[in-house]
Amino acid sequence: MDGFQTEAEYNAEAASLAWPPGRSAPSPWHHLETDVYNEKGVGVTDADRQWLCAWEVHYLEDPATRGGSALAELKKFKGLHAYTKAYDVSAKESFDKALGSLELGDAGPLQRDVTVNCMVE
């Protein structure tokens, strides 16, 4: 898929997701890629990862008041394309561990994921 096709895939997935209050899907960038061809699903995975980052940041900004609702949304990631189709065993285990730690009140692994994988404005 060329950049425009990948971007269309991203836009469709991003539109289907519930984003945290006050946040929307980041603008896609795939159309800027020239001479790059992606496998089908790359745009979907990118949208899912952006959604995950948005909810992780939303949680971390105010865990006391947002924790419950954000945790419920973060659990939904396990049903999205990125987790079910694109993540390998190691990535799934890492996410599961971070989610388990979060359920026990430890946001450290979640913060590390944001630091390593998320572009925060």
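Predicted model: local features only at pLDDT ≥ 70, side-chain atom pairs only at ≥ 80, totals over all residues.
**Entry 1: helix H6**

I looked up which residues of helix H6 (residues 108-117) are buried, and found Pro 109, Leu 110, Asp 113 and Val 114. These residues lie on the same side of H6, because they cover an arc of only 145° around the axis. I noted the general rule that an α-helix has 3.6 residues a turn, so residues three or four places apart point the same way. On the face of H6 turned away from the buried side, I found the exposed residues Arg 112, Thr 115 and Val 116. I then asked what the buried residues of H6 pack against. The partners are H2, helix H3 (63-75) and helix H5 (89-103).

**Entry 2: the second largest pocket**

I recorded about 200 Å³ of space in the second largest pocket. Of its 13 lining residues, the closest to the centre are Ser 94, Phe 95, Ala 98, Pro 109 and Asp 113. H2, H5 and H6 each supply at least two residues of this lining. The largest share, five residues, comes from H5.

**Entry 3: Arg 49 and Asp 113**

I counted six salt bridges in the structure. One of them joins Arg 49 to Asp 113, with the closest N and O atoms 3.9 Å apart. This pair links distant parts of the chain, since Arg 49 belongs to helix H2 and Asp 113 to helix H6, 64 residues apart.

**Entry 4: Asp 48**

I next examined Asp 48, which is found in helix H2 (residues 42-61). Asp 48 is buried yet has no salt bridge. The nearest side chain of opposite charge, Arg 49, is 9.2 Å away. Leaving aside neighbours within four places in sequence, I listed the contacts of Asp 48 as Glu 13, Leu 17, Phe 77, Leu 80, His 81 and Ala 82.

**Entry 5: further salt bridges**

I found a salt bridge between Lys 75 and Glu 103 at 3.2 Å, N to O. It links helix H3, which holds Lys 75, to helix H5, which holds Glu 103, across 28 residues. Lys 75 is partly exposed at 40% relative accessibility, and Glu 103 is partly exposed at 45%.

Lys 78 forms a salt bridge with Asp 96, the closest N and O atoms being 3.3 Å apart. Lys 78 lies in the loop between H3 and helix H4 (81-86), and Asp 96 lies in helix H5. Finally, I noted that a network of salt bridges links Arg 23, Glu 61 and Arg 66.

Key. Residues numbered from 1 in each chain as written. Heavy atoms only, no water. Helix = DSSP H or I, 4+ residues; strand = E, 2+ residues; numbered from the N terminus. Buried < 20%, exposed > 50% of the residue type's maximum accessible area, 1.4 Å probe, protein only. Lys, Arg positive; Asp, Glu negative; His and termini not counted. Salt bridge = Lys/Arg side-chain N within 4 Å of Asp/Glu carboxyl O. Contact = heavy atoms within 4.5 Å. Arc of directions from axis to C-beta. 1 Å grid on protein atoms, 1.4 Å probe; cavity = no way out; pocket = protein on both sides within 12 Å on 5 of 7 lines; lining within 4 Å. Points joined across faces, edges and corners; volume = space filled by probe spheres on them.
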